[in-house]
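Could you walk me through this structure in plain words?

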Amino acid sequence: MGGQDDNYEYETEAHTFYVGANVNLIPKRWDASGVFSFTKGTANIHDLGFTSSSDPFPLTVAGRTDDYSFTYINGSEEYSDLEYIMWELELTTNITITDQLGLTFTGLYSDYNDQEEYVYGELDGKVFSVSGFMTYRF
Amino acid sequence: MKITTTIVMSVFIVLGLACSAFAEDAKPYDIEISVGGSMNDLDGAGRVAEYESTVDKNANWILGGKVSYTLDKVAFDAYGEYLDGDDQAYGANLDLDRILMFETDYLRFFHRLDHDNLDHLLASLKRSGQGATVYHTDFNASDNYGITRSEWKNQAKLNVPMVPGLSFTFNHRFEERKGMDQARTMSKCSSCHVVGMSKDISETTNEWNPSVNYRIGPISMNYDFMYRSFNSGSDVPENLYMEAQNPGKPPGANLDFIARLQYDYDDGYLPYSRTPDSEKWSHKIKMKADLPANNTLNLGYVYSEATNNNSDDGGSALYGDAGKELSVDYWAINGGWRWKINKEMAFTLKGKYQDMDASEVGVDVRDIEAVIAGTEQTYAEFLGEDFDFRRHSAYDEDEYSLDAKFAWKILKELKLKLGYGLEYLDRENAEYHHVTDDTTTHKFSIGSKWRPVMGLRVTADYAFTYVDDPYVFHNAICPSWEEAQALGFDPGTYSTNSWYSKYVYGVRTMDRSNQPETVHDIRLKTHWMAASNINTNVHMHYKISENGDVGGSDWEQNMFNGGLNVMYTPITKLAINFGYNYFYDKYEAMFCSAFYNG
């Protein structure tokens with residue numbers, strides 16, 4: 001039973017980059033656009049550790065082998081780390097066939113790369129989607 | 001809500017078909033219908049598509065449409081989009097000669113939630129070859145969590161033609177949350193065993209908000225009433241708590257420990273993770289007067305009451321019995337005066353007083369019937385007291401604030417702003433919560449808007465905040481070994497039967513806080529049109545917060561956020577934009593970790 005005081009630094013960083021373009025291939029008839037985005041996020045507690053010597057109330061119980069000591073608190077630093085990279089690419093094109101009829105196509109790819117497993121386990125994932133629809137104007 | 005969705009979709013379809021019948025020879029009508037589909041693939045966890053419901057399906061429809069109608073003094077438009085049951089949006093606007101206006105919007109989307117696998121509890125106490133001594137059980141490890149949120153908003157406004165300046169508005173909002181989330185609880189007398197279970201969520205929020213506005217000459221007035229009810233039909237998970245375990249004795253020899261516990265295995269399944277139903281009423285009155293000599297005066301009054309409707313449901317082993325509904329009353333008055341001295345200068349003064357009171361209530365804690373081993377006494381009898389207590393809410397507080405600002409356009413290209421803000425906060429029940437009684441905050445600010453050359457605009461702001469007695473928690477730090485000895489504790493005085501209240505909480509010392517005593521806040525924004533086809537903006541924000549008035553060590557936080565955005569149009573048919581943003585936050589504090597042995 002007891003506790004420990006010490007100074008800790010909790011540091012969070014995030015980088016976000018994006019680039020996009022719109023091009024009008026045929027005025028009023030055909031345009032296209034694309035967006036790429038990238039995010040990297042990190043967070044962690046520095047120098048989080050516990051030693052038995054700093055426990056003011058160490059407890060050893062006769063007859064027990066799983067006695068309580070700061071010595072056995074050894075996973076905190078690992079579980080405080082967070083790091084992920086996410087990027088996404090989306091391409092869209094609009095085609096106006098007539099004043100009434102138009103087509104739109106979109107492609108999307110997203111990737112989430114979990115580089116430090118956090119409290120929610122492994123979160124790696126990818127999404128791929130293509131869609132198209134026709135628009136008719138009366 | 002399915003009925004609502006069906007009605008909205010039906011109205012949209014009927015109106016679309018009706019309008020299409022007239023479309024050929026009536027230009028006031030515009031109709032647009034979209035039909036298509038998507039093919040999708042999701043590989044791995046759902047975090048990559050946090051707000052996308054359709055990616056779980058191999059394919060989905062895309063259905064959409066718009067209708068608009070304008071004729072004489074009537075204007076109507078509507079839109080709709082359907083991707084799947086969890087991704088829909090509809091809306092409509094109606095304007096009858098600017099006398100009656102109505103707007104409705106409905107949105108539904110899915111939010112994927114993470115699933116805490118509880119494995120991180122191994123970080124707390126783990127010993128090689130013996131596993132963890134903080135155990136955990138995830139009873140629904142394979143469930144995926146997510147909430148479908150839908151919101152239907154309506155707004156109607158009536159401008160009374162016979163009384164110029166008089167109007168009535170009526171706002172309504174209905175929100176629904178449905179799905180499944182994770183509920184966690186400790187399954188022992190302290191955090192020795194944590195469990196997670198799935199919980200079905202079904203919650204609704206219904207908000208009614210009528211108001212009346214009247215303007216006569218230079219004076220305008222507004223009265224606004226709001227009633228909001230929150231109802232939870234969510235499952236209430238139940239947990240069978242583990243048997244009491246005396247850490248000072250071998251497993252199985254636990255009987256003498258039961259007398260100290262409020263509840264355990266013998267109480268059977270007990271509910272947890274409950275969300276109470278609640279209601280809120282508010283009344284707001286506002287008045288604005290445009291006075292002579294470029295003076296403007298504002299006055300306002302607010303009263304509200306929020307009530308927890310389930311706190312009088314009766315007690316249990318877990319919660320005790322408060323015996324009455326708990327409510328928080330709030331009222332505030334505020335005023336403002338703006339004086340436009342001349343074309344270059346303006347002065348603004350604002351003041352506010354607010355008071356918040358929460359119910360004070362006696363909580364009847366269920367008596368522990370088990371007796372101390374070898375005696376005929378319960379612990380309450382042994383101590384000569386029960387464990388009932390009086391709840392003094394931390395919400396009870398009074399707050400006074402005053403803000404003054406002066407704006408001066410020194411040059412055609414340069415505008416300066418000076419400001420001072422004073423805030424005094426009095427926490428009425430601070431003594432019961434071991435926190436600061438009252439806090440006074442002074443904030444000084446200076447800012448400028450500058451156009452040094454054509455195409456370049458620079459905005460710079462600096463603010464310094466000084467807090468006299470920021471919010472701190474008294475006696476928050478675990479003592480060092482030397483301090484513990486100085487307090488009279490040594491291994492000889494400690495035993496496995498020692499009370500937490502004496503040996504853990506009782507020996508804590510000094511103040512801790514995560515609130516600053518001083519804050520420097522610097523912001524810079526530039527907007528530069530480098531050429532007719534290059535547009536850039538740069539933004540930076542740096543904030544350093546410190547508190548050197550807490551025991552043990554200083555508290556400090558450094559935050560920086562900055563970025564660049566560029567838009568480049570090399571030819572009329574091509575536009576390129578790119579940007580970068582960097583966020584950094586470092587938080588340095590003394591961290592007091594308390595550990596318990598059972």
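Here is a short tour by topic, starting with how the model is described.

This is a predicted model, in which local features need pLDDT of at least 70, side-chain atom pairs count only at pLDDT 80 or more, and totals for chains, interfaces and linings use all residues. Residues are numbered from 1 along each chain as its sequence is written, while chains are lettered from A and ligands numbered from 1 in the order in which they are written.

**Confidence**

- The model scores ipTM 0.90 and pTM 0.87.
- Chain B has an average pLDDT of 87, and 85% of its residues score at least 70; pLDDT is the predictor's confidence in each residue, from 0 to 100.
- Over residues 1-24 of chain B, however, the pLDDT is below 50, and this stretch has 26 contacts in the model beyond near neighbours in sequence. Two residues are in contact if their C-beta atoms, placed from the backbone, lie within 7 Å.

**The two chains**

- Chain A contains one helix and five strands, in the order β-β-α-β-β-β from the N terminus. Helices (H or I, at least four residues) and strands (E, at least two) are DSSP runs, numbered from the N terminus.
- Chain B contains six helices and 28 strands.
- Of the 138 residues in chain A, 15% are buried; in chain B, buried residues make up 16% of 598. A residue is buried if 20 or more other C-beta atoms lie within 10 Å of its own, exposed if 12 or fewer, and partly exposed in between, with C-beta atoms placed from the backbone.
- Among contacts with a separation of 6 or more, residues 24 or more positions apart account for 57% in chain A and for 61% in chain B.

**Nonpolar cores**

- The largest nonpolar core has seven residues: Leu108(A), Tyr112(A) and Val127(A), together with Leu42(B), Val48(B), Ala49(B) and Val55(B). Such a core is a set of buried Ala, Val, Leu, Ile, Met, Phe, Trp, Tyr and Cys residues joined through C-beta atoms within 7 Å.
- Leaving aside neighbours within four places in sequence, Val55(B) is in contact with Val127(A), Ser129(A), Asn40(B), Leu42(B) and Ala49(B).
- A second, separate core of five residues includes Tyr29(B), Val67(B), Ala78(B) and Ala92(B).
- In soluble globular proteins, nonpolar side chains tend to be buried together.

- S1(B) and S2(B) pair in the antiparallel sense over 11 bridges, and Glu32(B) stands opposite Lys66(B) in S2(B). Two strands pair if DSSP finds at least two bridges between them.
- Asp56(B) sits in the loop between strand S1 (29-44) and strand S2 (59-71).
- Why is Asp56(B) called partly exposed? Because 18 other C-beta atoms lie within 10 Å.
- Asp56(B) and Asp41(B) are 15 residues apart in sequence and 7.0 Å apart in space, C-alpha to C-alpha.
- S2(B) also pairs with strand S3 (residues 74-84), antiparallel over nine bridges, with Leu71(B) opposite Val74(B).
- Two residues lie between S2(B) and S3(B) in their hairpin, where Asp72(B) in the turn has a positive phi of about 55°.

- Strand S23 (residues 438-450) runs antiparallel to strand S24 (residues 456-468), joined by 11 bridges; Gly447(B) stands opposite Asp461(B).
- Their hairpin has five residues between the strands, and Gly455(B) takes a positive phi near 95°.
- S24(B) is also joined by 11 bridges to strand S25 (residues 518-531), again antiparallel, and Val458(B) stands opposite Thr526(B) in S25(B).
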